[in-house]
Amino acid sequence: SIAIVERAFGRPLSDVFASFDAEPVASASIAQVHFAVLRDGREVAVKVLRPGMLRAIDDDLALLHRVAGWVERASDDARRLKPREVVAEFDVYLHDELDLVREAANAAQLRRNMAGLGLVEIPEMLWDWCTSDVMVMQRMRGIPIGQIERLRESGVDLKRLSRDGVTIFFTQVFRDGFFHADMHPGNIMVSVAPATFGRYVSLDFGIVGTLTQIDKEYLAQNFTAFFRRDYKRVAE
């Protein structure tokens with residue numbers, strides 16, 4: 001990671017960071033995250049793309065495209081599932097995740113959208129140090145959303161947390177038409193800092209979704225029918 005960061009910035013690590021944790025605090029198939037401190041004292045998280053990912057992913061996707069074509073030709077049942085379209089969508093999202101500048105832009109847009117809501121914290125991107133391979137952002141702290149007992153012990157109101165989660169989702173979907181599309185528990189924490197206590201903390205913005213007005217109208221009708229238990233309308 002150190003070599004990748006230095007190559008991306010075109011300068012030694014010590015020119016940018018007062019300290020840099022060599023061991024990652026989070027690691028996934030495409031990238032890993034390190035904590036660091038900038039020379040001006042700001043605590044940051046540094047996301048680093050693993051080397052050689054583009055070639056590895058392109059090789060795997062080529063195989064998936066080929067298999068999807070075989071499956072579609074071999075079976076009417078498989079053709080109904082549109083395997084080539086599924087792989088094509090997978091292809092788009094994977095390549096989006098490989099560009100950390102795009103991810104930083106997603107985070108910045110969500111941060112602007114959610115600024116007045118007071119329910120969710122999104123890290124600030126440090127644009128001077130964001131490249132396609134490296135992304136530097138404000139370090140966030142909180143309790144992982146899956147650690148329920150820790151949340152209770154810290155005094156977090158879980159019912160309110162649930163309501164806030166629905167509000168955040170509906171605001172992103174129906175007001176903004178721009179939403180975080182990878183909200184598994186590994187990407188969500190809850191702040192217990194006094195100034196932001198009980199707020200969600202969102203991480204990892206490689207995948208976002210967008211909705212047109214037609215999409216939002218469709219979803220609104222579907223939700224309304226579901227809440228009314230009008231399952232015939234849901235099916236329609």
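**Aspartate 204.** I started by asking how exposed aspartate 204 is, and found it partly exposed, with a relative accessible area of 23%. I'm working from a predicted model here. Next I looked up where aspartate 204 sits: the loop between strand S10 (200–202) and strand S11 (208–210).

**Lysine 82.** I then turned to lysine 82, another non-glycine residue with a positive phi, about 50 degrees. Lysine 82 is partly exposed, with a relative accessible area of 43%; exposed would mean over 50%.

**H5 against H7.** Last, I checked a helix pair. At what angle do helix H5 (residues 100–114) and helix H7 (residues 158–176) pack? I got about 100 degrees, with the axes 11 Å apart. So H5 is roughly perpendicular to H7, as 65 to 115 degrees counts as roughly perpendicular.

Then I listed who makes the contact. From H5 I have Leu110, Asn113 and Met114. H7 brings Ile168, Thr171, Gln172, Arg175 and Asp176. I sorted the residues of this H5 and H7 contact by type and got three nonpolar, three polar and two charged.

Technical notes. Residues are numbered from 1 along each chain as its sequence is written. This is a predicted model: local features need pLDDT of at least 70, side-chain atom pairs count only at pLDDT 80 or more; totals for chains, interfaces and linings use all residues. Side-chain values use heavy atoms; hydrogens and water are left out. Buried means under 20% relative accessible area, exposed over 50%, partly exposed in between (1.4 Å probe, protein chains only). Helices (H or I, at least four residues) and strands (E, at least two) are DSSP runs, numbered from the N terminus. Axes are lines fitted to C-alpha atoms, for helices over the stretch in contact, and angles run from 0 to 180 degrees between N-to-C directions. Angles under 35 degrees count as roughly parallel, over 145 as roughly antiparallel, 65 to 115 as roughly perpendicular and the rest as oblique. Contact means heavy atoms within 4.5 Å. Ala, Val, Leu, Ile, Met, Phe, Trp, Tyr, Cys and Pro count as nonpolar, Asp, Glu, Lys and Arg as charged, and the others, Gly among them, as polar.
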